[in-house]
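Please look over the sequence and the model below before reading on.

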Amino acid sequence: MARQTPDERNARQRERQQRLRDRHRDERRPDRDDVARALLFWAITSYLKERRPDRIDQLSDAAVAVLSDQGFDKRASYDVFDGIVDRYARDDQPFRRKLHLRA
């Protein structure tokens, strides 16, 4: 059997990934980003309700440290985090609706 070309290998991988995404959508299975968003939303809104800006600052510092280690700009990372906190503070449903999950 002849060795696959990179294009053939990439096409097969795209097909496998699409089948996996379709199966997860059918199973209504959240992905890691969905879980991360839910956890961040829970943490931030909990700290806002408890009036614990110090905890939000700790969370922000921890997230920015990880992002910075990955090569992201610290100031930009803080700006994005602050934007998320502002959005969560004023909107109790800040996520886009996932129409495929509607029953």
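## The largest pocket

The largest pocket holds about 820 Å³ of space, where a pocket is an open set of points on a 1 Å grid over the protein atoms alone, at which a 1.4 Å probe fits, with protein on both sides within 12 Å along at least five of seven lines, and lining residues have an atom within 4 Å of a point. Of the 25 residues that line the largest pocket, the closest to its centre are Asp 31, Asp 33, Asp 34, Arg 37 and Lys 98. This is a predicted model, in which local features need pLDDT of at least 70 and side-chain atom pairs count only at pLDDT 80 or more, while totals for chains, interfaces and linings use all residues. Residues are numbered from 1 along each chain as its sequence is written, and side-chain values use heavy atoms, with hydrogens and water left out.

The helices α1 (6-27), α2 (32-49) and α4 (74-90) each supply at least two lining residues, and the largest share, 7 residues, comes from α2; helices here are DSSP runs of H or I with at least four residues, numbered from the N terminus. By class, this lining has 10 nonpolar, 3 polar and 12 charged residues.

## The second largest pocket

About 230 Å³ of space lies in the second largest pocket, and its lining includes Leu 40, Val 64, Phe 72, Phe 81 and Ile 84. The elements that give two or more residues to this lining are α3 (53-69) and α4, and α4 gives the most, with 5 residues. The lining of this second pocket has 10 nonpolar, 2 polar and no charged residues.

## The nonpolar core

In soluble globular proteins, nonpolar side chains tend to be buried together. Here the largest nonpolar core has 8 residues, among them Phe 41, Ile 44, Ile 56 and Phe 81; such a core is a set of buried residues (under 20% relative accessible area, 1.4 Å probe) joined through side-chain atoms within 4.5 Å. The helix α2 gives the most to this core, with 4 residues.

Leaving aside residues up to four places away in sequence, Ile 44 touches Ile 56, Leu 59, Phe 81, Ile 84, Val 85 and Tyr 88, a contact being heavy atoms within 4.5 Å.

## The chain as a whole

The protein chain has 4 helices and 0 strands. Its C-alpha atoms fill a box of roughly 65 × 40 × 15 Å, taken along the principal axes, and 14% of its 103 residues count as buried.

Key
Points joined across faces, edges and corners; volume = space filled by probe spheres on them. Nonpolar A, V, L, I, M, F, W, Y, C, P; charged D, E, K, R; others polar. Buried < 20%, exposed > 50% of the residue type's maximum accessible area, 1.4 Å probe, protein only.
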